[in-house]
Amino acid sequence: MTRTRAAAAALALLLGGALLTGCGIKPTGVVESGAAAKVVVPGPGTKGTVYLVSADGRLFPVPDREQPSVSEASLLIRLLVGPSEAQKAAGLETRLPVLDLKKQGASAGTTVISDDTIGVGVPFKVATLSETARQQLVCTVASTDPRYQVVLLGPDADVGPARCELGD
């Protein structure tokens with residue numbers, strides 16, 4: 001090895017060591033920030049699912065605690081109450097107006113219109129809802145029986161019938 005190469009190698013080691021130790025950041029211990037958010041994804045055969053909206057705007061299924069679900073009306077109320085704190089922490093939201101159960105709870109419900117059609121009554125306007133909000137209602141209520149098509153019944157209009165259309 002020539003003297004020039006030896007000097008260059010020594011300089012590189014010296015500068016490299018200085019760069020690694022000269023950043024001024026001191027090591028720290030583990031910083032606790034709370035538990036990770038948990039979301040349960042329904043498996044095949046799950047009957048009764050509330051559909052919330054993920055950060056990317058897609059419908060996200062959240063299975064009902066009761067399996068199979070008690071009723072379409074109970075699922076509807078769970079959807080209209082909005083996501084829980086844990087669901088919000090996981091990045092889930094709703095595109096529907098949040099229902100105040102004390103003031104508006106009695107005005108929301110479901111009614112069977114025919115063998116394959118169910119009506120969903122809500123206390124807010126349905127004609128101006130976004131397509132995502134409509135699909136939240138339709139998919140949540142239809143999750144108890146996939147044969148259902150859903151008619152949204154609002155104080156302003158009746159919208160539908162529609163089927164749950166979960167796109168990729």
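**View 1. Asp56 and Arg58 meet through their side chains in a salt bridge, with N to O at 3.6 Å.** This is a predicted model, and the pair makes a friendly place to start looking around. Asp56 counts as exposed because its relative accessibility is 55%. Arg58, at a relative accessible area of 45%, is partly exposed. Side chains of opposite charge can pair when their charged atoms come close. The count for the model comes to three salt bridges, and the other views below include the rest.

View 2. With a relative accessible area of 59%, Glu85 is exposed, whereas Lys88 is partly exposed at 45%.

**View 3. Glu93 pairs with Arg95 in a salt bridge.** The closest N and O atoms of this pair are 3.1 Å apart. Glu93 counts as partly exposed at 35% relative accessibility, and Arg95 also counts as partly exposed, at 37%.

**View 4. Cys139 and Cys164 are joined by a disulfide, with an S to S distance of 2.0 Å.** The bond links distant parts of the chain: Cys139 belongs to helix H5 (residues 131–142), while Cys164 lies in the segment after strand E6 (158–162), 25 residues apart. The torsion about the S-S bond is about 100°, so the disulfide is right-handed. Cys139 is buried, at 1% relative accessibility, and Cys164 is partly exposed, at 30%. The disulfide count comes to one.

**View 5. Helices H1 and H5 mark the two ends of the confidence range among the elements of the chain.** Over residues 36–44, pLDDT stays under 50, and the model has 15 contacts beyond four places in sequence for them. Where pLDDT is low, the predicted coordinates should not be read in detail. For the chain, the mean pLDDT is 74, and 62% of the residues reach 70 or more.

**View 6. Five helices and six strands make up the secondary structure of the chain.** Along the sequence, they follow the pattern α-β-β-α-α-α-β-β-α-β-β. Of the 168 residues, 33% count as buried. Among contacts with a separation of 6 or more, 58% come from residues 24 or more positions apart. The chain exposes about 10,600 Å², with carbon and sulfur atoms supplying 57% of that area.

Conventions:
Residues are numbered from 1 along each chain as its sequence is written. This is a predicted model: local features need pLDDT of at least 70, side-chain atom pairs count only at pLDDT 80 or more; totals for chains, interfaces and linings use all residues. Side-chain values use heavy atoms; hydrogens and water are left out. Helices (H or I, at least four residues) and strands (E, at least two) are DSSP runs, numbered from the N terminus. Buried means under 20% relative accessible area, exposed over 50%, partly exposed in between (1.4 Å probe, protein chains only). Contact means heavy atoms within 4.5 Å. Accessible areas come from the Shrake-Rupley method with a 1.4 Å probe; for residues, only the protein chains shown count as cover. A disulfide is a pair of cysteine sulfur atoms within 2.5 Å. pLDDT is the predictor's confidence in each residue, from 0 to 100. A salt bridge is a side-chain nitrogen of Lys or Arg within 4 Å of a carboxyl oxygen of Asp or Glu.
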